[in-house]
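The sequence and the model are shown first.

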Amino acid sequence: MDRVTETEWQEGCGNTAHRIQQKGAGMILYAEYNQWHNCIEIRNIELGIIFRLNCNEWEDGLKTTPNSQGALDALAIDEPLEYATLMLDGGIQAWIDAQDDMSVW
């Protein structure tokens, strides 16, 4: 699925936001990390739907190291839509394990 055709960055009050236009679907998604609630807020602008996904609850039970936890935090803040996609698809533990994989060195 070609997802990213347009990206809009907004920085204010420590939040980073992304506006993504999906090809074909005509769906406009807006994802933003909310630092005060430690959550990702995803909005479908056309349908008027807002999801608030709690990062603490999502990350409960994941096996991380200090290195992968820092990378996971950076992903949530810098790329909230990618973070949410990995969490919802169930691929986040594989992503975390890849952050700690030292076999390439």
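## Overall layout

Along the sequence, the elements of this protein run in the order β-β-β-β-β-α-α-α-α. The model is a predicted one. In total, the secondary structure consists of four helices and five strands. The protein has 105 residues, and 33% of them are buried. Of the contacts between residues at least 6 apart in sequence, 30% link residues that are at least 24 apart.

## Strands 4 and 5

Strand 4 covers residues 39-44 and strand 5 covers residues 49-54; the two pair in the antiparallel sense, over six bridges. Two of the facing residue pairs can be named. Ile 40 has Leu 53 of strand 5 opposite it, and Glu 41 has Arg 52 of strand 5 as its bridge partner.

The two strands make a hairpin, with four residues between them. Within that turn, Gly 48 has a positive phi of about 75°. Strand 4 is mostly covered, since five of its six residues are buried.

The loop that leads from strand 3 (28-34) to strand 4 contains Asn 38. The phi of Asn 38 is also positive, near 50°, although the residue is not a glycine. Most residues other than glycine have a negative phi. Is Asn 38 buried, partly exposed or exposed? Its relative accessibility is 22%, so Asn 38 counts as partly exposed; the buried class ends under 20%.

Helix 3 spans residues 80-89, and its buried residues are Pro 80, Leu 81, Tyr 83, Ala 84, Leu 86 and Met 87. After helix 3 comes Gly 90, with a positive phi near 80°.

Helix 2 packs on helix 3 with the axes 5 Å apart and at an angle of about 120°. Helix 2 is therefore oblique to helix 3, because the perpendicular range ends at 115 degrees and the antiparallel one begins over 145. On the helix 2 side, the contact uses Leu 72, Leu 75, Ala 76, Ile 77 and Asp 78. Helix 3 contributes Pro 80, Glu 82, Tyr 83 and Leu 86. By class, the residues in this contact are seven nonpolar, no polar and two charged.

Glu 79 sits in the loop between helix 2 and helix 3. With a relative accessible area of 31%, Glu 79 is partly exposed. Glu 79 and Tyr 33 are 46 residues apart in sequence, and their C-alpha atoms are 8.5 Å apart in space.

## Helix 2 against helix 4

Helix 2 (residues 66-78) also meets helix 4 (residues 92-100): their axes come within 9 Å and cross at roughly 125°. This angle makes helix 2 oblique to helix 4 as well. The crossing of helix 2 past helix 4 is right-handed.

Which residues of helix 2 and helix 4 meet? From helix 2 they are Asn 67, Ser 68, Ala 71, Leu 72 and Leu 75, and from helix 4 they are Ile 92, Trp 95, Ile 96, Gln 99 and Asp 100. This contact comprises six nonpolar, three polar and one charged residues.

| Helix 2 and helix 3 | 5 Å apart | about 120° | seven nonpolar, no polar, two charged |

Asn 67, which lies in helix 2, can be followed in detail. Leaving out residues up to four places away in sequence, Asn 67 touches Gln 99 and Asp 100. Asn 67 and Gln 99 are 32 residues apart along the chain, and 7.6 Å separates their C-alpha atoms. Asn 67 counts as partly exposed because its relative accessibility is 48%, and the exposed class begins over 50%.

Definitions and conventions. Residues are numbered from 1 along each chain as its sequence is written. This is a predicted model: local features need pLDDT of at least 70, side-chain atom pairs count only at pLDDT 80 or more; totals for chains, interfaces and linings use all residues. Side-chain values use heavy atoms; hydrogens and water are left out. Two strands pair if DSSP finds at least two bridges between them. Axes are lines fitted to C-alpha atoms, for helices over the stretch in contact, and angles run from 0 to 180 degrees between N-to-C directions. Angles under 35 degrees count as roughly parallel, over 145 as roughly antiparallel, 65 to 115 as roughly perpendicular and the rest as oblique. A crossing is left-handed if the near helix is turned anticlockwise from the far one by less than a right angle, and right-handed if clockwise. Contact means heavy atoms within 4.5 Å. Ala, Val, Leu, Ile, Met, Phe, Trp, Tyr, Cys and Pro count as nonpolar, Asp, Glu, Lys and Arg as charged, and the others, Gly among them, as polar. Buried means under 20% relative accessible area, exposed over 50%, partly exposed in between (1.4 Å probe, protein chains only).
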